[in-house]
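Dear colleague,

Please find below the structure that I am handing over to you. A summary of the findings follows it.

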Amino acid sequence: MTTHAGASAGACTTSAEGLLVPPGHGRTLRAAAQEVTFKVTGERSRVSSSFEVVVPPGFDVGAHVHARSEELFYVLEGELEMLAFEPRVRTGGDWRDWESPGGGRPVRAGPGTVVVVPPGCPHAFANRTGKPARMFFQASPPPDHERYFEELIGILDRAGPPDHEAIAELRSRYDIEQLTPLRHGA
């Protein structure tokens with residue numbers, strides 16, 4: 001491999017190759033509360049990590065905010081309730097009751113819906129239907145969300161209700177300020 005003069009290793013090469021990830025491929029992590037397939041990781045992208053996420057019925061990520069991270073969600077199948085705005089009042093209960101200063105409310109997002117979340121914007125998603133939903137998810141910068149998902153799936157895979165203290169500690173390490181609780185199950 002030849003590196004262009006002045007370029008750092010791996011930054012710009014004359015024999016660069018892209019990455020093709022066929023359907024059904026990627027490293028998958030599963031728990032009763034969530035399934036995440038890593039499609040593009042920080043090993044292959046300096047810009048973002050990309051995932052395919054299956055959101056089971058009853059899962060609510062809880063409203064949260066990132067100081068540094070930017071995210072993109074694209075609903076592939078099913079329906080999710082989604083929020084991406086600063087509410088008039090941040091209440092700790094159910095984010096579905098939130099309203100933006102301009103009158104915006106959480107929306108029901110079906111296939112083809114795209115939500116972009118800049119740093120500092122509260123956001124959430126939940127599957128309140130009886131069927132799993134599937135979405136494409138990008139997080140920037142990598143690899144924070146990769147590490148976060150690995151640890152979160154380990155916590156959610158334990159028997160019983162989620163360990164909210166362990167989740168809170170995990171989220172504080174990965175630029176996630178939790179505003180309402182994460183919930184999973186019926």
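**Salt bridges and their partners**

Glu86 is partly exposed, at 34% relative accessibility; here buried stands for under 20% relative accessible area, exposed for over 50%, and partly exposed for what lies in between, with a 1.4 Å probe and protein chains only. The model is a predicted one, in which local features need pLDDT of at least 70 and side-chain atom pairs count only at pLDDT 80 or more, while totals for chains, interfaces and linings use all residues. Residues are numbered from 1 along each chain as its sequence is written, and side-chain values use heavy atoms, with hydrogens and water left out.

Glu86 forms a salt bridge with Arg90, at 2.9 Å from N to O. The term denotes a side-chain nitrogen of Lys or Arg within 4 Å of a carboxyl oxygen of Asp or Glu, and by this rule there are 17 salt bridges. Arg90 is also partly exposed, at 37%.

A further salt bridge pairs Glu151 with Arg173, at 2.6 Å from N to O. Glu151 belongs to helix α1 (residues 144-156) and Arg173 to helix α2 (residues 164-173), so this pair ties together parts 22 residues apart in sequence. Helices (H or I, at least four residues) and strands (E, at least two) are DSSP runs, numbered from the N terminus. Glu151 has a relative accessible area of 30%, and Arg173 one of 43%.

Salt bridges with shared partners also join Asp60, Glu81, Asp94, Arg96 and Arg128 into one network.

Yours sincerely
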